[in-house]
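Please look over the sequence and the model below before reading on. The report that accompanies them takes up a few local features in turn.

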Amino acid sequence: MQDLIKTAFTREIVEHISRQRSEPEWLLQKRLEAFSYFEQLEIPEFSYGLGITLDNNELDISSIVISEPIDPEMKNHDKRIIVKNIHEALKTHPEIIRKYLLRTKPKDKLHALVSAFWTEGIFIYVPKGVESTSPIEIENILSKQTGFQTILIILEPLSKASILISEKSSKIKKSYLFQNLEVFCLESSKLEFSSIQNFNDETINFIYRSAYLEKDASLDWNICDLGGNLTKSSVTTNLLGTGASVNNIGIFLGEKTQQFDLSVSANHLAPETSSEMLTKGALNGKSKTVYCGLIKIVQQAPRCSGYQRADIMLLSPEASASPIPNLEIETNDVKKCSHGATVGQVDKEKLFYLMSRGLSEAEAIKQIVLGQLEPAIEKIKIEKVRKSLKNIIEEKLSYA
Amino acid sequence: MNQELITQTREMFDQKANIKYSYTAQPGLTEEVVRKISEDKNEPEWMLQKRLKALEIFHKLPMPNWGPDLSKLDLNKIIYYANPESIKNANKWENLPLEIRNTFEKLGIPEAEKTHFAGAGAQIESLSVYHNLKKHWEEKGVIFSDMDEALQKYPDLVKPYFMTQCVSPGLHKFAALHGAVWSGGSFLYVPEGVKVDLPLQAYFRMNAEKMGQFEHTLMIIEKGAQAAYIEGCSSPIYNENGLHAGCVEIFVKESARFRYSSVENWSKNTYNLNTKRAIVDKNGIMEFVGSNVGSGVTMLYPCSVLRGENSRADHLAIAFAATGQHQDTGAKVYHLAPNTSSTIKSKSISIGSGITSYRGLVQIAKGAVGSKSSVTCDALLKDEHSKSNTFPYMKINEDKVDVAHEATVGKISADQIFYLMSRGLTQEQATQMIVSGFIEPIVKELPLEYAVEMNRLIQLEMAGCVG
């Protein structure tokens, strides 16, 4: 592999990356299609209307370079499931990859950037009827200046799996991660996908996740954003088949000057689909979160249900939160659809009670924050994920 | 039920009156029109300058790029100024021309005044034709007059408040348009400590085709004073689109309390792009009660700016959209001082292919510790093609606060309909009853006549649309 390419993002570079990896022609064409979006689309402004903004001073596109791949560590104990580098998988599963890879239309310039310039990819394939009990673990340790990744996950009918991706930083201080993740859950398959993002406080990361669910498929997203300087974490689920269901859990914890742009959306495109979104978070220091949620039910999708809830706790007078939970309902035949959002503070009475029991103020606040996040953590089915998440959160809160 | 009465009502609102106009401007907005308005009204120089400045801002600002589709609104076709031929601002009902009297009598203005209200005003097109305030309140120093008259009589009272700190012309394109061509409206001044215990009312009516109505309402409630004001709006049906871009500015001073209610029932081809804002000082209470039944497109987000400690704002709203209507309404509250509180309750009903959107903002600024806000919005979708959107924005920059938002979207349940029908109601009656029950919590906050009108309007809109 060649090292750093210090050129601007051009068509030649896209071709270069593709050629270097001996990619088939169709893949180059897909990259070039994404590149044309890259040219057309605007850089996200981090402005959400009505004066709600995030600060993107740290983001400087011109300073981004394409480094060598991060080479994530992949653990898979179930031999029936295929977990490998996408470029290797292209040799063994070319047709499947061709059918699904890069199906998602880029949402913004940076999404198009990663779709066109990704240097490494992960391919996870669960064959028909395979039910796996042990989670597939992927550890991304950001040891280079930038990571451009694409991840493709396919669950064939009646299969079942769980995946955990951990995002961490190595010693390099300021680095970037761009990730495009696509999930295809075919008929009656079940996936629990967890992501624990715990980068250092100078890392800028943009993670775009899209899922396509067919008839009776179900997907659990557990998205935990704990680290990073500027984090854009987006989850879009398209419910394409009757009876498909998605469950989004979002957990975030901010301190210092961390900024989070979290967006969760569910597009109900088929009848009797259901979506649930539960987001819980706490913000300390000068941290800031904009949460955009959307439940969209189209007219052709009767008898759907949607629920959305976001609870944010502010621990410092300089922290700020903007929840924007939207609903777009185009049919009257909804089973139930509602949303709620709250922004609150540490309950004085609870604090007093805990302190009267001998806890220091810091310890008491830590317990209250854990209590705030608990309902979301408890919904994560895999114990291992729950445990490691709790450990990170406790550790993070002890520093605060 | 009241089928006959209902039919009468719709005709009543949709019919135009044969009113003669002493002056009608050419369609389109030019500096000439703006100067003509100002000259006609014999306005002081500062007002003309203000209008011209607003016109300049209007040309600079872009059309809103969000919300409902405004592409069919041709601002060059709108007539920005017309006066009905009448004795200006009659204060005796009998002095008004018969046509105008008939129109308003049909709509129930004088009766309302006789029986329930402390004062009433009426405006057709650009000119106020009738304003009256019961003597009792006049003696206590309460001023309730039309805006043009207020500008002549009390310029010192008007100048510091008129489109300065509350709604500035730079707020958005239609606020700027309003600033350039405003005409008529109500002016209310309640002196310190005076409590007006009966509601004041005004009625605005657009009568001519392609007409624009730009009434300016300015209400100043001094320290410790109390008042309530209610306005109704309607217009007849024409082929060409009309435009209503009114502006309401309210100042609730320390410990004062004010309730502003409106029932807007513009014809279905009116663009109702309205701006309403209140500034609330220490311990003040502002209540907005609004219902939007008419118009093709409505964009209306009444706003309360809570700048004094302990001040409070309550927003209650109903939006009703039938086929061809898009009600984009909501509420905005800025909490700028400590211990301020707000509640927003919004109910919307979509029938046929009507679209209702709730769009709201709750902002808690740095330093507004101890502030509380609660938002609930419920939407009822009647038919398969009905649409409902909810876009609540919250911006919280302070930790010692409590903010909550809740929304539900539902349909009229078959169980409820079945139950009511098993009790002998027709399907239509059952649906109407369920809808009435849904909006009840807000309708009950309106004075009796308006509550009756509201219920009647909704029944009328729903009549014959049960499928």
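What follows covers cysteines, one asparagine in a strand and a pair of helices.

The structure is a predicted model, and the number of disulfides over all chains comes to 0. Because a disulfide requires two cysteine sulfur atoms within 2.5 Å, A:Cys185 cannot be counted as part of one, its sulfur being 17 Å from the closest cysteine sulfur, in A:Cys304, which is too far for a bond. B:Cys247 is likewise in no disulfide, with the nearest cysteine sulfur, that of B:Cys166, 7.3 Å away.

| Residue | Relative accessible area | Class |
|---|---|---|
| A:Cys185 | 0% | buried |
| B:Cys247 | 2% | buried |
| B:Asn389 | 13% | buried |

B:Asn389 belongs to strand 24 of chain B, which covers residues 387-396. Beyond its neighbours within four places in sequence, B:Asn389 contacts residues of both chains, including A:Leu327, A:Glu328 and A:Ile329 as well as B:Ile355 and B:Tyr358. With B:Ile355 the separation is 34 residues in sequence, while the C-alpha atoms are 7.8 Å apart in space.

In chain A, the axes of helix 1 (residues 11-20) and helix 2 (residues 25-40) come within 10 Å and cross at roughly 155 degrees, which means that helix 1 of chain A is roughly antiparallel to helix 2 of chain A. Helix 1 of chain A contributes A:Arg11, A:Val14, A:Glu15, A:Ile17 and A:Ser18 to this contact, and helix 2 of chain A contributes A:Leu28, A:Arg31, A:Leu32 and A:Phe35. By residue type, the contact between helix 1 and helix 2 of chain A comprises 5 nonpolar, 1 polar and 3 charged residues.

Key
Residues are numbered from 1 along each chain as its sequence is written. Chains are lettered from A and ligands numbered from 1 in the order in which they are written. This is a predicted model: local features need pLDDT of at least 70, side-chain atom pairs count only at pLDDT 80 or more; totals for chains, interfaces and linings use all residues. Side-chain values use heavy atoms; hydrogens and water are left out. Buried means under 20% relative accessible area, exposed over 50%, partly exposed in between (1.4 Å probe, protein chains only). Helices (H or I, at least four residues) and strands (E, at least two) are DSSP runs, numbered from the N terminus. Contact means heavy atoms within 4.5 Å. Axes are lines fitted to C-alpha atoms, for helices over the stretch in contact, and angles run from 0 to 180 degrees between N-to-C directions. Angles under 35 degrees count as roughly parallel, over 145 as roughly antiparallel, 65 to 115 as roughly perpendicular and the rest as oblique. Ala, Val, Leu, Ile, Met, Phe, Trp, Tyr, Cys and Pro count as nonpolar, Asp, Glu, Lys and Arg as charged, and the others, Gly among them, as polar.
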